[in-house]
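Come along and check each entry with me.

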Amino acid sequence: MSVGFLGVIVCAALSVVGCGKSDWMEGELEVYPVSGVVTFSGQQIPDATLVLHPVIPQADGKPFYSPRAIVGQDGAFEFTTYRKGDGAPPGKYNVSFSWLGPLEGLDEDEQDLLPEQMLQRLTRPETSGISITVKEGVNELDEITLK
């Protein structure tokens, strides 16, 4: 009898774990890879952050997570919505930018003290003047040149 009881407990535990994971994945929007290169005044901007803001908000009731990208040392970036480098949902987006300067060798406390280096108009999606459209499939963007 204890073996049967143990079997019931194991099955119940597995079904709860399975249900939680499938519910989370079921609520995700379809995303497609989005990558590119960005420069600011002709210079690389390593550790800058790009955030996508939908021009038309989602109306399907699903939660929306703003896709983000961190710029590498070479100026390259790839957007992440749910998991690193997975991309962004299809649609048109305005882009905002933030850059505190290179962060290599700085701890979080030191990073928190750095002032914003990006022009204020570029830090807001409605004034950056940069928009992109994500389509189904792989999206390799033209170089973004900020001035």
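**Entry 1: the rule for salt bridges.** I call it a salt bridge when a side-chain nitrogen of Lys or Arg is within 4 Å of a carboxyl oxygen of Asp or Glu. Side chains of opposite charge can pair when their charged atoms come close. I note that I am reading a predicted model, where local features need pLDDT of at least 70, side-chain atom pairs count only at pLDDT 80 or more, and totals for chains, interfaces and linings use all residues. Residues are numbered from 1 along each chain as its sequence is written, and side-chain values use heavy atoms, with hydrogens and water left out.

**Entry 2: the salt bridges.** How many salt bridges does the rule give? I get two salt bridges. In one of them, Glu 126 pairs with Arg 124, and their closest N and O atoms are 3.1 Å apart. I also looked up accessibility, where buried means under 20% relative accessible area, exposed over 50%, and partly exposed in between (1.4 Å probe, protein chains only). Glu 126 is exposed at 57%, while Arg 124 is partly exposed at 35%.

**Entry 3: Arg 83 and Glu 28.** Arg 83 forms a salt bridge with Glu 28, with 2.9 Å between the closest N and O atoms. Arg 83 sits in the loop between strand S5 (76-78) and strand S6 (91-98), and Glu 28 in the loop between helix H1 (2-26) and strand S1 (34-40), so the pair ties together parts that are 55 residues apart in sequence. Helices (H or I, at least four residues) and strands (E, at least two) are DSSP runs, numbered from the N terminus. Arg 83 is partly exposed at 37%, whereas Glu 28 is buried at 14%.

**Entry 4: the partners of S6.** I count two strands as paired if DSSP finds at least two bridges between them. S6 runs antiparallel to strand S3 (residues 49-54), joined by six bridges. Leu 50 has Phe 97 in S6 as its bridge partner. S6 also pairs with strand S7 (residues 131-134), antiparallel, over four bridges. There, Gly 91 is opposite Val 134 in S7.

**Entry 5: Thr 81.** Is Thr 81 buried or exposed? I find Thr 81 buried, at 12% relative accessible area. Thr 81 belongs to the loop between S5 and S6. Its side chain reaches the backbone oxygen of Gly 87 at 2.6 Å. Leaving out residues up to four places away in sequence, Thr 81 has contacts (heavy atoms within 4.5 Å) that include Val 31, Tyr 65 and Pro 67.

Terms used. A polar contact is a pair of N or O atoms within 3.5 Å; within protein, one must be able to donate a hydrogen and the other to accept it, and residues adjacent in sequence count only if both atoms are side-chain atoms.
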